[in-house]
Amino acid sequence: MLAPTRLAELEAFILKLNRASADVILPLFRAEHGMENKAATGGYDPVTAADKGAEAEIRRLIAARYPEHGVIGEEMGEDRPDAEFVWVLDPVDGTRAFVAGLPVWTTLIALRFEGEPVLGSIGQPFLGEVFVGHAGAARLVTPAGETPLKTRKRVALGEAIIATTDAEGCFDGAELGAWRQVRAAARLARMGCDAYAYAMVALGTIDLVLEAGLKSWDVEAAVPVLAGAGGLVTDWRGDPIGRHGGQMAIAGDRLLLDEALISLKRAAK
């Protein structure tokens, strides 16, 4: 357990990291961003100068302030992943959206303490938003001020707004079947929002997000933010996801998640 003063110090630093990464990313958004395809054969896995430059800047600031901390990043790999404190970075989650000029990409930053994510942020600098939180509280930080985050409660699946990034592209056969069952029961489904949808669950405008095939840097920032907002992040069996990727459900309310799990458990891995 981190002392409140220590947690406040680290939270201030995570906001600094968001500002620094935004300074690198924003000049490249809807501009020449140097996109490359890093897929080995036949696929499409884009990376841009924004991804690489933002991660390099975040790592530089962490090394200067906390040289004993470890770092895991999507673009530059692992450095002391077993340290007491480890930062987990996805500088531009939703690179496809970034390349397409859509403001639903985010900068995901998580901090592990003794192996578990305890602090996280979901930043969307083009919109001037940083969703930041830990188990005790979560808030939205904008140039206009700060707003506490609170998930929507007591929403049945038939009334829920749900989301995923790309059902046809990201789910295998059984997963796609489970998604279709949940979608058929829900009131409204949206796709293509990437991790910005996680933030909307914390804000209380989306009720459930389902994803699969994720890496640790796609997941960990959401865990503390949702915990602080009153939501939860689990796998498709309903168990805490912690620091792992794979299948993920982000829900604002446990009762809603339990409804969805009736379908999801059939495709759980």
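**Aromatic pairs and a helix contact**

At 39% relative accessibility, Phe-126 counts as partly exposed, a class lying between buried (under 20% relative accessible area) and exposed (over 50%), with a 1.4 Å probe and protein chains only. The model is predicted, so local features need pLDDT of at least 70 and side-chain atom pairs count only at pLDDT 80 or more, while totals for chains, interfaces and linings use all residues. Residues are numbered from 1 along each chain as its sequence is written, and side-chain values use heavy atoms, leaving out hydrogens and water.

The structure holds 10 aromatic pairs (Phe, Tyr or Trp rings, the six-membered one for Trp, with centres within 6.5 Å; planes under 30 degrees apart are stacked, over 60 edge-to-face, the rest tilted). One of them joins Phe-13 and Trp-87 edge-to-face, at 5.6 Å centre to centre and with 70° between the planes. Because Phe-13 lies in helix α1 (residues 4-25) and Trp-87 in strand β5 (residues 85-93), this pair ties together parts that are 74 residues apart in sequence. Helices (H or I, at least four residues) and strands (E, at least two) are DSSP runs, numbered from the N terminus. Phe-13 is buried at 2% relative accessibility, and Trp-87 is buried at 0%.

Phe-29 is buried, with a relative accessible area of 6%. Both residues belong to a cluster in which ring pairs link Phe-29, Phe-98, Trp-105 and Phe-126.

Helix α1 also meets helix α2 (residues 49-65), and their axes come within 9 Å and cross at roughly 145° (lines fitted to C-alpha atoms, for helices over the stretch in contact, with angles from 0 to 180 degrees between N-to-C directions). Among the α1 residues making this contact are Phe-13, Leu-17 and Ala-20, and α2 contributes residues including Ala-54, Ile-58 and Leu-61. The residues of the contact divide into 10 nonpolar, 2 polar and 4 charged.

Elsewhere, Thr-234 has its place in strand β14 (residues 232-234), where Thr-234 is buried, with a relative accessible area of 2%. Leaving aside residues up to four places away in sequence, Thr-234 touches several residues, including Asp-239, Gln-247, Arg-254 and Leu-257 (contact means heavy atoms within 4.5 Å).

Definitions and conventions: Ala, Val, Leu, Ile, Met, Phe, Trp, Tyr, Cys and Pro count as nonpolar, Asp, Glu, Lys and Arg as charged, and the others, Gly among them, as polar.
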